[in-house]
Amino acid sequence: MTFMKKTLAASIAVAAASSMAISTAHAEISDGEVRIGYLADMSGTYRDLAGPGGQTAMEMAVADFGGSVNGSPIVVFSADDRNSADVGANTVREWIDQRNVDMVGGLVASSVSIAVTKVLEENDGLGIVSGSAASSITNEHCTPNHIHWVYDTYPLANGTAKAVVEQGGDSWFLLTADYAFGHALEADVTSVVEANGGEIVGGVRHPFPTSDFSSYILQAQGSGAKIVGLANAGADTVNAITTASQFGLTQSGQQLAGLLIFLNDVHALGLEATQGLLLTTGWYWDMDDEARAWSERYFEETGRMPTMVQAGIYSSTMHYLKAVEAAGTDDPETVRAKMAEEPINDFFARNGSIREDGRMIHDMYLAQVKTPEESTGEWDLYEILSTIPAAEAYRPLSESQCSLVQN
């Protein structure tokens, strides 16, 4: 039985049991149901880092919560945004207008998330962004109607780029996805590289998505930079690394720095191609006993170990449901305030808290991809090198451009 079927069965049972005695809390749940929309790229470039696996993680959280909140069934809708801001925004408008969705989760491509959070703000909705990277989502694009959960470009730059410069990689060429996420990562990496004594000697922006990276890799080789930084993600990163390998980029003395690398990317490319790669992650399935226990459950459902985004979707959904239960309502403003009151310490987040700008800060990790000899199994891919404390990982509020922050 799938999680969705289990959830629906639980919901029907709860609804039947409570039909004769509706509680006050139930009465304050709009439409008598807690309605969640899962919006993500289900078929394209970012499918494997969130996609259907992220929906499974959300459904696991719903099932683990019991399928209902204070007697009100939890219902999950889902849609493929096809990495289109217009498709994403129109889908969420329809969910709000026709289905009275209470919370939108998932949210992967930064351009989609920025468009969707504007719709949520206009309609007094609530969104939890788990897949997007652009730090602008809780900076210049912050709203009182969304929370950014898993990671963003600021700790990616402060983790990976800073570590690479400190190891002598002081000249960079940036290969950037030409949309909101890539631009944010490019800006954050440039700032970190220059602040640590390095320089950006060149760069090129590629369309999103792109399958042919030949001309871009040739430009990177011609730049003479020690480091070729990949400010892209998903299939774009995989294709760029594959092309770089075909062109002998690393063999000629340059080094690749993957600025947003996911577990599924390393798994797809293999350790032979990715060994030694430094990366920053918000979570890793094998980092401790709690993470392993949840990941093994997830593996039983999907046949794959989870990415940090998929784990974060479970974590954020569970935190949301707990807040609805505690508040006795699914009113977005009330629930967001309740979520911000409670610290987050679960299998995913350590020392987690939600700031006034909507950024959920938590410990991040600098990791290195293992060599084939070091790996003991198919998914034994990372070694955690160090912890970046929550208070240091994210953009300080003193530098924030968010209208919700009082500087």
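1. Ser316 counts as buried, at 3% relative accessibility. Here buried means under 20% relative accessible area, exposed means over 50%, and partly exposed lies in between, with a 1.4 Å probe and protein chains only. Ser316 lies in helix 13, which comprises residues 308-327. Helices (H or I, at least four residues) and strands (E, at least two) are DSSP runs, numbered from the N terminus. Leaving aside neighbours within four places in sequence, Ser316 is in contact with Ile128, Ser130, Trp149 and Met339. Contact means heavy atoms within 4.5 Å.

2. The model is predicted: local features need pLDDT of at least 70, side-chain atom pairs count only at pLDDT 80 or more, and totals for chains, interfaces and linings use all residues. Residues are numbered from 1 along each chain as its sequence is written, and side-chain values use heavy atoms, with hydrogens and water left out.

3. Apart from neighbours within four places in sequence, the contacts of Tyr38 include Gln55, Met58, Phe77, Trp95 and Ile313. Tyr38 and Gln55 are 17 residues apart along the chain, and their C-alpha atoms are separated by 6.6 Å.

4. Asp31 has a phi near 65°, a positive value in a residue other than glycine. Asp31 is found in the loop between helix 2 (24-27) and strand 1 (34-40), and is partly exposed, with a relative accessible area of 43%. Leu107 has a phi near 60°, again a positive value in a residue other than glycine. The loop that holds Leu107 runs between strand 4 (103-106) and helix 5 (110-122). Leu107 is buried, with a relative accessible area of 0%.

5. The peptide bond from Phe208 to Pro209 is cis, with omega near -10°. Pro209 lies in the loop between strand 8 (199-206) and helix 8 (214-223).

6. The overall fold may be described next. The chain has 15 helices and 15 strands. For 407 residues, a compact globule would have a radius of gyration near 22 Å, and the 21 Å of the chain agrees with this. That radius is taken over C-alpha atoms, and the globule rule is 2.2 Å times the number of residues to the power 0.38. Along its principal axes the C-alpha trace spans about 75 × 45 × 35 Å. Of contacts between residues at least 6 apart in sequence, 71% join residues at least 24 apart.

7. Buried residues make up 59% of the 407 residues in the chain. The chain exposes about 15,200 Å², of which carbon and sulfur atoms supply 47%; accessible areas come from the Shrake-Rupley method with a 1.4 Å probe, and for residues only the protein chains shown count as cover.

8. The chain has 22 positive and 53 negative side chains, and the centres of the two sets lie 2 Å apart. Lys and Arg count as positive and Asp and Glu as negative, while His and the chain ends are not counted. The place of a charge is taken as NZ of Lys, CZ of Arg, CG of Asp or CD of Glu.

9. An unreviewed UniProt entry carries the annotation "domain: Leucine-binding protein" for residues 33-370. UniProt positions are given in the numbering used here, feature names are shortened, and annotations may be inferred rather than shown by experiment. Over residues 33-370 the chain is 44% helix and 20% strand, and the end C-alpha atoms are 46 Å apart.
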